Structure formats: structure tokens, C-alpha cells
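Biologist: Please put the model on the screen. I would like to go through how its parts pack.

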Protein chains: 2
Amino acid sequence: MAADSAHHIVIVGAGFGGLEVARYLAGTNVRITVIDGRNHHLFQPLLYQVATASLATSEIAWPIRSLLRRYSNVTTLLAKVVGVNSQDQMVLLEDSTTIAFDTLVLATGARHAYFGHDEWEPFAPGLKTIEDATAIRRRILSAFERAERATDAGERSKLLTFVIIGGGPTGVELAGTIAELARETLRNDFRNFNTQDSRVVLVEAGSRLLPGFREALSDYARRTLVQLGVEVRLGQPVSQCTADGVVIDGQQLPAATILWAAGVAASPAAEWLHVPADRAGRILVAPDLTVPGHPNIFAIGDTAHVEMPDGKLVPGIAPAAKQEGRYVAETIKARLEGEKVRPPFRYSDAGSLATIGKRAAVVDFGWIKFTGRLAWWLWGFAHIYFLIGLRHRLAVALSWLWIYFTGQRSARLITQGSADSREKANQSHIPPTRP
Amino acid sequence: MAADSAHHIVIVGAGFGGLEVARYLAGTNVRITVIDGRNHHLFQPLLYQVATASLATSEIAWPIRSLLRRYSNVTTLLAKVVGVNSQDQMVLLEDSTTIAFDTLVLATGARHAYFGHDEWEPFAPGLKTIEDATAIRRRILSAFERAERATDAGERSKLLTFVIIGGGPTGVELAGTIAELARETLRNDFRNFNTQDSRVVLVEAGSRLLPGFREALSDYARRTLVQLGVEVRLGQPVSQCTADGVVIDGQQLPAATILWAAGVAASPAAEWLHVPADRAGRILVAPDLTVPGHPNIFAIGDTAHVEMPDGKLVPGIAPAAKQEGRYVAETIKARLEGEKVRPPFRYSDAGSLATIGKRAAVVDFGWIKFTGRLAWWLWGFAHIYFLIGLRHRLAVALSWLWIYFTGQRSARLITQGSADSREKANQSHIPPTRP
């Protein structure tokens, strides 16, 4: 273990970026404290599969302290950070205690954002945490359950309408999986309606799906979703979300389940430091990822606004956060070894992947792009490869192979319903049934 | 599908007993409606493994309608039953709707009971549902997390003390697994204390553990638990449970985590029908498992008080509920075929099993009893055999083999904390740390 006098690095947030910093520096002569408000690291790229009953929560989450246990110079704390005192170099925790740092890395991630419509949140939940995913799973499965008991045709049709707002990878993945859930997994499970009558509507304000990919891939994604039975509505902004449904392009669409995949905002790290941020709250970092005016404070991942040489933003995806974490760790190490100047951070685009249901995907490596079943298998192997540890890889592979060959999903649990006000609101809309 | 005019059997509760009735009668010319307040059938014998982070929730739960989907004459409803109108032969649901029946089977199960000390529940939660299990898991894991941040030695020792009240199979299994969690799984995960200093205390008011087993096995269980580091306190009743800990035999024991495995009470089915029940609320059924005075209403499983010829009670375990369900289904079928007289229900004891940590168990088949590693493997195979479907068997086998060979548990998730008042109460007891 490093001496108590060793340089103390505090990392706030154990997502992809924060963990990368901790692991790279774990072997060196520093003290590291990792602080996270949750006890687990989450593999967010597969979170939508928990929300759609394909994977169990524990298959995509790892206890942070277990991931870091073999590094004796790393301490993990489960605590909520509420501020930074940059003058005295201290992190402020929720219980009013403080933790002093020599170097601070802010890797606090993002939450979904409603761009001035926070009142939509109870009706259109987003997907960022394990709790979000189980709440969305509960809503989707409960809508089918309530449809089985509904007697009014209009009410049933509303219960069987699923609206996903936002045509990025998460929206596309949710829409494709919910369509498969309705048409395949649940096909024989209900007596009072046909699950094929479910409507899955994917709404995107922009002119195409997957705006981060090339246009040909956007078009392929749209066609594949339509084949799965998804209604894709492009160029149609949503102007209202209520307990009754959504208003799309001026038209009311009754829907009991609305999911938000349209935008994220950074955690309040910029406010902690009173430094400039972009519209989504990301800190406008220097080329070496330090916070301007605070050379010993770094921001990475969804907390940082990082531009590429062509002016485009480094995307908010796991590989980018990891690269930034690695760069910051190298910078800290170089500084401790006396180096003063470092080349600026350069993002290396390893390509983009998105999946559409269980048989198609799009892959864009820049130099090559492809679609279809091969892309799906590549997507699957890539994600299993990036899971941590053999245990999780085996479990996820088993779950996927099972769904692939049987169409059945094993995580169809409705749990923890009491705290969800929206469902209660909806439930009162159901007329008495089966008299 | 059976005609709408067919005999309508309503089954309330899709536990082991209720499911058995539905499956046996599914092929016959009747209409069946299964009503449960939850969407999943739960394999309760392994629930303690979810509470101790060994298994994922979805590994021991199945969507009820998925289990019954291939039977076209069975309808599954997710609904909460709040009463029975036996005069008009109707079941009353929470939303004031009713469902008419020709034959009713009450298989509503049990909740944990505090025998006149309901005020203990917030401090000593019991284990009956998936939510109970994730709440207990959260408490156990949070206690270790808070211990890592505690500075006061007394506070830390309280956080690292786990008291289990009740020396039946659930209490023995919880105590053994928590001891292994502390001593093996978490051994290298903390920096500010040694997890070997955790205290696991199993308290039983009676004179021996596992009172349903033979005395030699009780003694073996006690010795094995002591070897695992559990303090076993026999003949010591608990007289108080508070946020500070428990009072055992007049002595205060500070403990942040108290778990209740001491008793259950039946659901209020007896009250619905205004019929006599035993002290634990179980209906005193006739020898053919009908409710006295209601020849077309049956009660089975934990809802029924059934005596064996020797005057002993049929135990509240899964095989007993299944046998009762099978007997009731045969009786209903015989009646529809015109038979009037049926032999009374006879319980066939297939033996008892309980496990003590991950390397020992006790098995009592009546004609043979044995203990140790062989018993553990038998216990494991038996439970995997009784899981439904290859998917769950593979998943649970993988989880167990992983724990067996690595000591690591994959379901160490702290989730859904906000609703738990006890934890908040405890958190305010922690003094500020790391100044």
C-alpha cells in the first residue's frame, strides 16, 4: 500500500472513465479514493435489455469495490458527492464530511434531460440506472397485464401503445426489442387480446434515425424496424407528454407507456466548480481535459465537453470515456514523474454499433460499414467481450442464446411497484372489468 | 378452449399449491382462472440466496402466465383479491370488480408474523417476497459499506453485527451464508476494517436448531455454523428489536442488521370466509381440504391447517403444498365425473433438507439421515431439479458453481434504497467520517 503521504487522487464516479483512471494508476505509488453514489459499476450499453426483460440486473452490474479489491492503494467509498471546494482541494459529501485531494477526476456521468420540460419525466421515464430499467420493465409488463383485464377497446388500445421518444441508438434498441417482446415472447400468453395488435411508435424530431451513423445505415435501421412492426415517425417533434399519451406533430396519440430516449444532461459538476459548461451541462475542458483554471482537476466522459479537430463533439459513449480516462491517468503519472507538457487528448473513433431487435444490427467502422445478421453477431461478440469477467460473459451469453433460440426472456419480473406514481395514475383510468 | 359454460375453477395464488391445481386440471373440460397479486411464481426455498447476493432475482422467479401459456383453458390475471362472497360464489378484487366461480381454491400463502410485536417489522424484516429479499440484500451490503466509512469503533462494531432471529431452515441458511459472505466473498474488499471481525448471531428461543429435524441433525447444524463463525444462542428469547439492536435474554446487543426468520402467519383467507382458523391464521380444513361449510371451496398450502394422523401439522413446505394441490385437483376432477366420496388427504413425507453454508447440509429422509458435503450436493441437485425449465436450471447451476469455486457472488447490488425508512434512520446514526 502507498504511504499516507503519497499523492492522493480522488475519482468521483466509477463509470467507464473513472474506473479506467483507477485501474491504470492502481499499480503506481499514489493513493486513490474512488467515490460513487452507487455500489455498482453499470454496463450502460446493455441497460435497455434489462428494461425489456432480456437480461437480469446483476448480469450488467458489478460491485465497484469488488472490481478494485486487488489494488491495495485504492479505497472505494459509497457516498454521494455534493460539491467541490477547489480552494482547499476538498470534495464535499452529502453527510457534510470532506475528503481532501491532490488531484481530482470528475467522471460523474449524465442523467436524461427533458430540455425545459421536466414535467414530462413522470410520464416519460428515461433510462440511466438499474432502478430506471426495472421501473421501465415494470411499466411495459404491467401495461400488458392491465390490457388483459381491460374491457373497453379504447382503453386496451391505449395500454397496448408504446411510444419511444428519440431515434438514437437507445430509442432504436428499445423500439426493436419491445416489438419483439410483444410479437414473439408474449404471443401465446394472453387470452383477451392479441399481442400482435400492440403498437410500438418510435418518434424522432430530426429527419433520420441514428444521426451519429451514415445515412445509408439510418435508412436500413428504419426499414428493419418497420419490418418488425414498429411505426417510425421522423421529423415529428413531440409537444406534450401526459398520463393520456403524447401529442406528436399536433396530433394526440393515446398511450399508456411513453419512454424517453431523447437527451441527456451532465451531472452538476460544472456548478460545483462554477466553470463554463455547454447547453447540456458538460464542462468546457482544456485540450488536456483539465478544468480551465484548475490544473489539478480533470473532467472526463459525459461530464466533459471535448471537441475533435473537425469541431465535432467526442460522443458520449463508453469507448470515448475509457480513452479519456486512460489519457488522464497517463497525464497524472507523467506529471508525478516531472513531465510538464503533454500532447492534447485525441479521440480515436473505433466505430459505432447499434442493434435492431435480435437479428439485425448496424456497424459503422468508418472504413467499412455493414448491416444485418453478421452485424448482429459482431455486436453480440463485441458486447460480451467488453463485459468484465468470465462470470458475466457466460451469464449474458446464456441469456442471449436462450432468447435467440426460444424467443423467451427470463427476466419478466414486475417488482417494486409502489413508488411509481405514474402507474397509479394510470391504474385509476382503467374501468372496472369482468363484471 | 373449454366452452364458456364449462365449470369455472378460480385459483387464488400461484405458489406451489395453486400452480399444481391449474396444471393438473388444464387438460380437462373446465375453465380455469388463476389470480395472483404478483406476476411471478417464486421458488421460495432459494429466496434466502437472493437476500445474500448469491442468486439474481430472475433466477428463482417465473412469469405465471408464461408457465401457463400453453393451456388455452387457463386465464391468468394479475390482480389482488380482497374478499370472497361465498353466498353468490364470487371473488372480490381490489378494484371492486368480481369474478364468479363454481369451485374456488385458496392457495394464498403466508407472510412473516411477529406474534404481537408488529412494531418490530421495520427493524427486523422477514423474507417472503422478491422485494423482501432485495431489501435484505441492500441492508446487509449497506452495513458493510457504512462500516467502511465509520470512524467510531462502537458504531463500526454495531454495523458489523448481524442478528438472525429464528433457528429453522431459513434462519440457519441465512446465518451460514452471511458468515461466508463476510469471511470469504468480501474478505479483500474493504480497507478500513477486517470483515473477519463481523459477528453473525443466530438466536433461537427453543432448545435446538431445525426443530423439524432429528436431534442429531440439529446438533450437527449447530456445530457446523459455529465452525463457520456463527454465534448460536439457543433457549434465548428476543424481547426487543429497535434501531439500536436487539435485547436477547435481557441483554442488549447492538446490531444494525436484524433479520426475522421466526414465524409466519397465513393470508387473511379465513377472515374472508369468516371460518375458524388456528393461531397462525390457517383455515381448519376438513379431511378433504374443503373449508367447513363450503364444499366447493378448498384451502391448501400455507392457507390450510392440516393435521396428520399422529396429530402433527403438515409442514409449510413446497412438497406439502404440491401434494395438497394435486389431491384437490383430483377431487375436483372426480366430482365432475360424478364421484361423491373421496378418501381424505394423506401427506407423504419425502424428507427434509437444509443447507449450512456452501459445503454442508443436513438431509433427513426418515429411513436415513446424513450430513456434510454429500448432503450439500444432494441438496443442490434436488433444488436444481425442482426449478422449472432448463433455462433457470442452467443459470442457477452456473451461479452456484461460480460461488463454489471462486467464493465470489455476482448479485451484490444495492438497489431501490429510497423506500426503506430503517436504513435512513440508521444512516443518521453514523458520525461524520474522514475529516
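Biologist: Are α11(A) and α11(B) roughly parallel or roughly antiparallel to each other?

Modeller: This is a predicted model, where local features need pLDDT of at least 70, side-chain atom pairs count only at pLDDT 80 or more, and totals for chains, interfaces and linings use all residues. Residues are numbered from 1 along each chain as its sequence is written, with chains lettered from A and ligands numbered from 1 in the order in which they are written. The axes of the two helices, residues 390-406 in chain A and in chain B, come within 11 Å and cross at roughly 175° (lines fitted to C-alpha atoms over the stretch in contact, angles running from 0 to 180 degrees between N-to-C directions). Angles over 145 degrees count as roughly antiparallel, so α11(A) and α11(B) are roughly antiparallel.

Biologist: How many residues of the contact of α11(A) with α11(B) are charged?

Modeller: Arg391, Leu394, Ala395, Leu398 and Trp402 of chain A meet B:Arg391, B:Leu394, B:Ala395, B:Leu398 and B:Trp402 (contact: C-beta atoms, placed from the backbone, within 7 Å). Ala, Val, Leu, Ile, Met, Phe, Trp, Tyr, Cys and Pro count as nonpolar, Asp, Glu, Lys and Arg as charged, and the others, Gly among them, as polar. The division is 8 nonpolar, no polar and, as charged, 2.

Biologist: Which element gives the most to the side of domain 1 of chain A that touches domain 2 of chain A?

Modeller: In chain A, 13 residues of domain 1 are in contact with 16 of domain 2. Elements giving two or more residues to the domain 1 side are α2 (47-51), β4 (61-63) and β10 (110-112) (DSSP runs numbered from the N terminus: helices H or I, at least four residues; strands E, at least two). With 3 residues, the element that gives the most is α2(A).

Key
Parallel < 35°, antiparallel > 145°, perpendicular 65-115°, else oblique. Contact = placed C-beta atoms within 7 Å.
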